[in-house]
Amino acid sequence: MKKLEIHIKIDSILYTKNPESSDLGRNIISNSIKMIDNMGFESFTFKKLGVTIGSNESSIYRYFSSKHTLLVYLISWYWSWIEYKLVFATANINSPKEKLTKAIKVLTDTITEDSSYSYINEVILHRIIIAESAKAYHTKDIDAENEKGFYKTYKKVVQRVSDMVIEVNPDFEYPHMLISTVIEGSHHQRHFSKHLPSLTDVTKGKSNIVDFYTQLVLKTIDS
């Protein structure tokens, strides 16, 4: 039986040539994810990627103008995928509180590989989001890039869940601050649990991060 593949559309401003349009483009994406995860974004270069995929460095530049733009593309893909998961998880739920609880789980739960996508490993990509995504935001060009729409998929996710917060409590003043804190905080906790465990309370085999942020959100907006 043929695997069902779901298409995620990424804004063309993030690439010179759509990597989904060719085997080479898909190869660039899948191998860049593995390499960034293995060596870190600072050590990753298009030259090294070219050697790995058996292609000229110049051929990679035909798809992406820089490794920074490639990183933003990967981040955008991830958040577009998360938005799809949010829509799917909260469909046909009438209770605002239950809908919000489901959304928090999507944002904070352990990531598993999605068989709907043949060339992107979401588990590895999630590790990149945790370890490297801040490097895309903390740049001197952030304002200009934001104006161009580089980070709109992440903002759409925050907005979607912030709207759910307002559904539960229309008087709550800080929905965007709360949800962006949940997202970034849960990423920190996953990183700490692997590398600095004394900074967290994660227990292997338990959903401590999901439970903590669910309680945090519900108690905060109900106070």
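Author: Happy to. A helix's expected span is 1.5 Å times one less than its number of residues, and helices here are DSSP runs of H or I with at least four residues, strands being E runs of at least two, numbered from the N terminus. This is a predicted model, where local features need pLDDT of at least 70, side-chain atom pairs count only at pLDDT 80 or more, and totals for chains, interfaces and linings use all residues. Residues are numbered from 1 along each chain as its sequence is written, and side-chain values use heavy atoms, with hydrogens and water left out.

Reader: What makes the length of helix 9 close to the expected one?

Author: Helix 9 covers residues 152–168, which is 17 residues, and its first and last C-alpha atoms are 24 Å apart, close to the 24 Å expected.

Reader: How many helices and strands does the chain have?

Author: Eleven helices and zero strands. Read from the N terminus, the order is α-α-α-α-α-α-α-α-α-α-α.

Reader: How do you know that the chain agrees with a compact globule?

Author: The radius of gyration is taken over C-alpha atoms, and the globule rule is 2.2 Å times the number of residues to the power 0.38. For 223 residues a compact globule would come out near 17 Å; the chain has 18 Å, so the two agree. The C-alpha trace spans about 60 × 50 × 35 Å along its principal axes.

Reader: Why is Leu 107 called buried?

Author: Buried means under 20% relative accessible area, exposed means over 50%, and partly exposed is in between (1.4 Å probe, protein chains only). Leu 107 has 6%, so it is buried. This residue lies in helix 5. Across the chain, buried residues make up 46% of the 223.

Reader: What is Leu 107 in contact with, beyond its sequence neighbours?

Author: Contact means heavy atoms within 4.5 Å. Leaving aside neighbours within four places in sequence, Leu 107 touches Trp 79, Ile 82, Leu 86, Val 157, Val 161, Ile 179, Ile 183 and Ser 186. Leu 107 and Val 210 are 103 residues apart in sequence, yet their C-alpha atoms are 8.5 Å apart. For the chain, among contacts between residues at least 6 apart in sequence, 70% join residues at least 24 apart.

Reader: What makes a set of residues a nonpolar core, and which residues have the most contacts inside the largest one?

Author: The set must be buried Ala, Val, Leu, Ile, Met, Phe, Trp, Tyr and Cys residues joined through side-chain atoms within 4.5 Å. The largest here has 61 residues, and those with the most contacts inside it are Ile 29, Phe 64, Tyr 73, Trp 79, Ile 82, Leu 100 and Leu 107. Helix 4 (residues 67–90) gives the most to this core, with twelve residues.

Reader: Which elements do the buried residues of helix 9 pack against?

Author: They pack against helix 4, helix 5 (96–108), helix 7 (134–137), helix 10 (175–195) and helix 11 (208–222). Among the buried residues of helix 9 are Val 157, Val 161 and Val 165. An α-helix has 3.6 residues a turn, so residues three or four places apart point the same way. The buried residues of helix 1 pack against helix 2 (46–53), helix 3 (57–61), helix 4 and helix 6.

Reader: Is Glu 132 buried or exposed?

Author: Buried: Glu 132 has a relative accessible area of 6%, so it falls under the cut-off. This glutamate is in helix 6 (residues 122–132). A polar atom of its side chain lies 3.2 Å from the backbone nitrogen of Phe 41. A polar contact is a pair of N or O atoms within 3.5 Å; within protein, one must be able to donate a hydrogen and the other to accept it, and residues adjacent in sequence count only if both atoms are side-chain atoms. Glu 132 is also in contact with Gly 40, which follows just after helix 1 and has a positive phi of about 90°.

Reader: What makes Asn 92 worth a look for its phi?

Author: Phi of Asn 92 is near 65°, a positive value in a residue other than glycine. Most residues other than glycine have a negative phi. Asn 92 is in the loop between helix 4 and helix 5, and its relative accessible area of 80% makes it exposed.
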